[in-house]
Amino acid sequence: MATLSDFPLLLLATLAKVVVVLVVLLTTIAYTVWLERKVVAHIQSRWGPYLVGPHGLLQPVADGLKFLFKEDIIPDQVDRLIFCLAPLLAFTLAFLSISVIPFGESVTLAGHTIPLQITDLNVGLLFILAVTSLGVYGVALAGWSSNSKFPLFGGLRSSAQLISYELTLGLAVVGVVMIAGSLSLREIVEQQHGLWNIFKQPLGFLLYFTAAIAETNRTPFDLPEAESELVGGYHTEYSSFKFAMFFMAEYANMVTVSCLATSLFFGGWLGPVFGPPIVRSLLPVVWFALKVLTFLFVYIWIRGTLPRFRYDQLMNFGWRFTLPLALLNVLGTSLIVAWRSA
Amino acid sequence: MAVTLEKIPGQEERVILSMGPQHPSTHGVLRLVLELDGETVIRSLFDIGYLHTGFEKSFEALTYSQGITLTDRMDYLAPLSNNLGFCLAIEKLLDLEAPPRAQWTRVLLTELTRIQSHLVWLGSHALELGAMSVFLYCFREREDILRIFELVSGQRMMTSYFRVGGLALEPPLGWLRRVEKFVQMFPARLQEYEDLLTKNPIWLKRTVGIGTISAEDAVALSLSGPSLRASGVNWDIRKAEPYSSYEKFQFNVPTRPEGDVYARYLVRMDEMRESLKIVRQAMEGMPEGPIKANAPHVVLPDRESMKTSIEALIYHFKLVTEGFHPPVGEVYQTIESPRGEIGFYIVSDGSPKPYRCHVRAPSFGNLTTLLKIIEGRLLADVVACIASLDTVLGEIDR
């Protein structure tokens with residue numbers, strides 16, 4: 001149990017974790033972009049980035065610097081306050097949800113056991129759902145405040161899409177929550193020691209992943225930024241670092257969704273552990289990272305393969321297909337859980 | 001003064017969206033003015049002319065041979081088809097026929113042009129519906145065809161390879177082997193695109209029943225080419241009024257009765273297979289003989305004969321400095337370009353430059369159907385419809 005004398009150390013540990021996680025997340029985002037460009041390029045029989053660094057590995061750095069040095073244009077007709085606030089909102093909220101994701105079990109440093117997670121909220125899952133729902137404000141406000149037609153359409157589409165798929169997303173994970181009997185992600189992961197949840201909740205996983213792709217505005221649900229229809233969608237009027245913020249928010253959301261899928265359905269950090277103590281405590285992090293990477297790869301793979309839905313078809317698909325299925329899944333799971341406990 | 005939609009008095013205000021000319025999916029510089037209710041198109045107008053370069057007027061300032069270079073630049077995705085149409089029109093005026101080998105080569109190259117033009121269409125169509133990979137696959141294969149063009153004419157896109165009375169140059173030795181290689185490779189690639197799209201549920205959802213146009217409307221609005229055949233009208237100039245020995249080739253004209261975006265997709269996919277068939281026949285049955293007609297007053301002489309015969313040298317000088325003099329009269333010649341019926345109407349006053357040259361551009365006719373088929377449709381369908389009509393703005397804004 002932590003006492004008051006431990007407080008400085010715990011604070012330090014938490015701060016260190018925040019910094020490490022933030023740095024790792026930013027790097028992951030940068031390299032997810034690189035990975036995406038590389039994987040999609042190879043799918044399309046191209047080379048992708050190749051000139052900046054070996055195999056274009058320094059490309060993300062170059063891109064980041066470029067964004068910093070670009071002129072930051074704020075068009076005359078925009079609502080300045082909201083226009084500047086929207087990317088911040090999208091960016092912050094996208095990064096916030098990562099704080100409750102457990103990356104590994106724990107490490108023991110100087111007699112103190114530090115869990116590999118920024119904070120273990122007992123309603124962690126609920127927190128993530130809440131924060132990702134708030135993310136729609138960034139997009140909707142960006143579309144609205146730009147005071148221009150294409151961004152407006154993008155913002156509207158996005159709001160409608162996020163709200164529709166939020167329901168499916170929430171319901172898809174209810175099954176897992178019922179099995180685990182907890183909303184804490186750490187506990188959900190720990191309960192998967194015997195069998196991963198994917199085997200208990202296959203339908204739940206498929207629904208979750210579909211809804212998650214829609215939530216993160218990725219192909220085939222990338223309507224809010226369908227460049228062939230809406231030019232740039234909600235971020236048409238944005239430039240320089242404000243645009244980069246949206247860009248990073250999108251990839252941060254992808255990472256979060258992948259982390260969540262790993263934790264909820266694929267046993268999080270669980271995997272074979274061996275070797276000396278330090279390896280034993282860090283190996284789970286590697287498993288976790290590998291699983292998340294697999295998800296990111298699938299995301300990119302889908303993007304390289306599928307065409308895009310139409311707006312109304314997307315809505316139909318959400319309300320008439322995935323939502324009833326999610327409800328059915330909840331019903332079925334609850335019946336089984338009730339039968340087991342009876 | 002930009003085209004705009006006037007507000008109808010007494011009606012509630014709706015969003016007027018100006019789509020283009022710098023919009024990513026208006027195929028160049030088409031501008032659409034859309035009145036939207038939500039995302040549904042209520043009324044629409046199109047605004048063309050952003051790519052106007054005055055081709056038709058420019059023809060009057062150039063000799064007939066020089067005019068060929070303009071035809072490349074009109075429909076920049078099907079340069080050889082345009083070359084052929086223009087050359088055939090002048091040959092008709094001169095009552096001249098190209099030798100068999102030239103005709104066969106022309107058929108072979110125009111069918112390759114059809115394939116590469118359809119590849120660009122397929123690629124951009126897929127890209128506009130979000131399937132990005134197909135776009136790059138198509139351009140990969142198109143590159144092979146462009147290399148063949150470069151091999152033959154020295155130019156990838158602006159080939160200007162066909163000349164009045166034959167071809168510009170003797171094609172290099174062994175060029176048919178390159179064509180052979182392409183013909184061998186292409187069917188598998190075509191299958192690859194079909195695997196990605198034809199039965200893909202999302203693709204079907206985006207294309208089936210969208211932008212339907214009936215056969216009557218299609219004819220009334222002067223739709224032509226594959227888009228017309230997708231509405232169930234079996235009309236192909238290659239069959240109806242054969243030119244350049246097309247009557248000697250066996251091929252089918254694919255048609256579909258539905259008339260929607262998906263039908264237009266299927267027809268063009270089948271057309272690529274048929275074109276491949278023609279290419280194979282032309283390759284196998286390629287006759288021997290000269291590549292230019294024996295008409296010294298029109299056709300440039302060989303370099304060898306110029307050095308040995310004084311007449312050839314004089315003709316060369318006359319043709320290069322002045323051009324040839326066709327008889328007074330007017331002539332109209334249509335051919336089946338990848339986009340449809342392209343016609344060249346030429347009026348000659350006996351001078352080496354045409355008095356007037358008008359082009360019946362298939363894209364222009366095809367575009368006129370657009371407003372009809374996007375009415376009441378969603379914004380995303382507008383993009384699909386534009387893509388499925390396969391218009392080239394360079395040709396519309398002559």
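**View 1. Pairing of β1(B) with β2(B) in the predicted model.** Strand β2 of chain B covers residues 31-37. It is joined to β1(B) by 5 bridges. The two strands run antiparallel. Within this pairing, Val15(B) stands opposite Leu36(B) of β2(B).

**View 2. The open sheet of chain B.** The sheet has 3 strands, ordered β1-β2-β3. Pairing is antiparallel. The edges are β1 (15-19) and β3 (40-47) of chain B. Each edge strand pairs on one side only. On average, neighbouring strands are turned by 20 degrees against each other, direction ignored. Strands of a sheet pair through backbone hydrogen bonds, in either a parallel or an antiparallel way.

**View 3. Helices across the sheet strands of chain B.** Helix α5 of chain A spans residues 149-180. This helix lies across β1 and β2 of chain B. It runs at about 110 degrees to β1(B). Helix α16 of chain B, residues 379-389, lies across β1, β2 and β3 of chain B. For α16, the angle to β1(B) is about 30 degrees.

**View 4. A nonpolar surface patch on chain A.** Helix α2 of chain A (residues 59-69) gives the most to the patch, with 4 residues.

**View 5. Val61(A) in helix α2 of chain A.**

Key:
Residues are numbered from 1 along each chain as its sequence is written. Chains are lettered from A and ligands numbered from 1 in the order in which they are written. This is a predicted model: local features need pLDDT of at least 70, side-chain atom pairs count only at pLDDT 80 or more; totals for chains, interfaces and linings use all residues. Side-chain values use heavy atoms; hydrogens and water are left out. Two strands pair if DSSP finds at least two bridges between them. Axes are lines fitted to C-alpha atoms, for helices over the stretch in contact, and angles run from 0 to 180 degrees between N-to-C directions. Contact means heavy atoms within 4.5 Å. Patches are made of residues with over 30% relative accessible area and no salt bridge: like charges are joined within 9 Å, nonpolar side chains (Val, Leu, Ile, Met, Phe, Trp, Tyr) within 5 Å. Accessible areas come from the Shrake-Rupley method with a 1.4 Å probe; for residues, only the protein chains shown count as cover. A salt bridge is a side-chain nitrogen of Lys or Arg within 4 Å of a carboxyl oxygen of Asp or Glu.
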